[in-house]
Amino acid sequence: MNIIFKPLQRNSEDYEKVNDLIYESFPEVERLPISLLFHKTKLNGVDFFVIYDKDTFVGFTYLITRKNLTYVQYLAIDTKLQSKGYGSQILSTIKERYSENQIVLNIEADDERAVNYEQRVVRKKFYIRNGYKSSGLSFKDRWGVYEVMVNGEEEVNRIEFIDLFKGFVGNSLFLYLEIEINTL
């Protein structure tokens with residue numbers, strides 16, 4: 001495996017590949033329009049990468065960094081390449097690139113009543129195998145509740161995590177989305 005992270009360019013063929021992958025990989029309530037995501041890359045600390053293995057498109061990741069906290073907003077692997085070790089390799093590369101930072105991400109909360117409960121369990125096991133653990137925080141917005149996972153041993157500072165989101169979406173949208181970050 002020869003993983004390469006490249007910044008997404010609006011006029012590249014990757015733009016459409018990423019847009020298609022967003023629609024394949026995430027439920028409607030979790031999808032932000034690619035045009036908005038791309039626009040937000042103008043903010044300091046926002047990285048939008050397409051990922052290749054040599055010349056093969058593997059997927060993409062979208063990362064938001066504020067102070068010493070890096071949030072993995074999106075990580076998606078082309079469906080034809082899933083379960084081949086790419087996700088683990090990409091998480092490892094993120095950890096190396098942002099080695100001074102805590103790496104955090106959200107996963108759908110455990111809910112046995114959820115239609116995709118088994119998928120949630122598999123996803124959580126994947127992140128645990130890759131060094132993530134529960135941060136003790138939950139993330140709630142208008143559409144769902146998520147568990148905040150962290151790579152490493154340190155506790156996530158709730159106020160810094162809130163500041164990261166406010167810095168990304170702005171105060172008004174933060175309120176509109178009804179974002180709450182609480183302890184579990």
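1. Ground rules. The model is predicted, so to speak of local features takes pLDDT of at least 70 and side-chain atom pairs count only at pLDDT 80 or more, while totals for chains, interfaces and linings use all residues. Residues are numbered from 1 along each chain as its sequence is written, and side-chain values rest on heavy atoms, with hydrogens and water left out.

2. The sheet. Eight strands make up an open, mixed sheet, in the order S1-S2-S3-S4-S5-S7-S6-S8. Its edges are S1 (3-7) and S8 (180-183), each pairing on one side only. Neighbouring strands are turned by 35° against each other on average, direction ignored. On terms: strands (E, at least two residues) and helices (H or I, at least four) are DSSP runs numbered from the N terminus, and two strands pair if DSSP finds at least two bridges between them. Axes are lines fitted to C-alpha atoms, for helices over the stretch in contact, with angles from 0 to 180 degrees between N-to-C directions.

3. S2 and S3. These two run antiparallel, with eight bridges joining S2 (residues 46-53) to S3 (residues 56-66). Phenylalanine 49 sits opposite threonine 61 of S3. In the loop between S2 and S3 you'll find lysine 54, with a positive phi near 55° despite not being a glycine. Is lysine 54 buried or exposed? Its relative accessibility is 56%, so lysine 54 counts as exposed (over 50%; buried is under 20% and partly exposed lies in between, using relative accessible area, a 1.4 Å probe and protein chains only).

4. Another positive phi. Serine 83 is a non-glycine too, with phi of about 65°. Its place is the loop between S4 and H3, and at 83% relative accessibility serine 83 counts as exposed.

5. Helices on the sheet. H3 (residues 86-97) lies across S1, S2, S3, S4 (69-77), S5 (102-108), S6 (132-140) and S7 (145-151), at about 60° to S1. H4 (residues 117-129) lies across S4, S5, S6 and S7, at about 165° to S5. Contact here means heavy atoms within 4.5 Å.

6. A closer look at H4. Its 13 residues reach 19 Å from first C-alpha to last, close to the 18 Å expected at 1.5 Å a residue (the expected span is 1.5 Å times one less than the number of residues). Which residues of H4 are buried? They are Arg120, Lys124, Phe126 and Tyr127. These cover an arc of only 155° around the axis, so they fall on the same side of H4 (the arc is taken from the directions from the helix axis to the C-beta atoms). Their cover includes S4, H3, S5, S6 and S7. The face turned away from that buried side carries the exposed Glu118, Val122, Lys125 and Arg129. After H4 comes glycine 131, with a positive phi near 90°.

7. Aromatics. The whole structure has 16 aromatic pairs (Phe, Tyr or Trp rings, the six-membered one for Trp, with centres within 6.5 Å; planes under 30 degrees apart are stacked, over 60 edge-to-face, the rest tilted). Phenylalanine 48 and tyrosine 62 make an edge-to-face pair, 4.8 Å centre to centre with 85° between the planes. That pair links distant parts of the chain, with phenylalanine 48 in S2 and tyrosine 62 in S3, 14 residues apart. Both phenylalanine 48 and tyrosine 62 are buried. Ring pairs also link Phe26, Phe48, Phe60, Tyr62, Tyr74 and Phe168 into a cluster.
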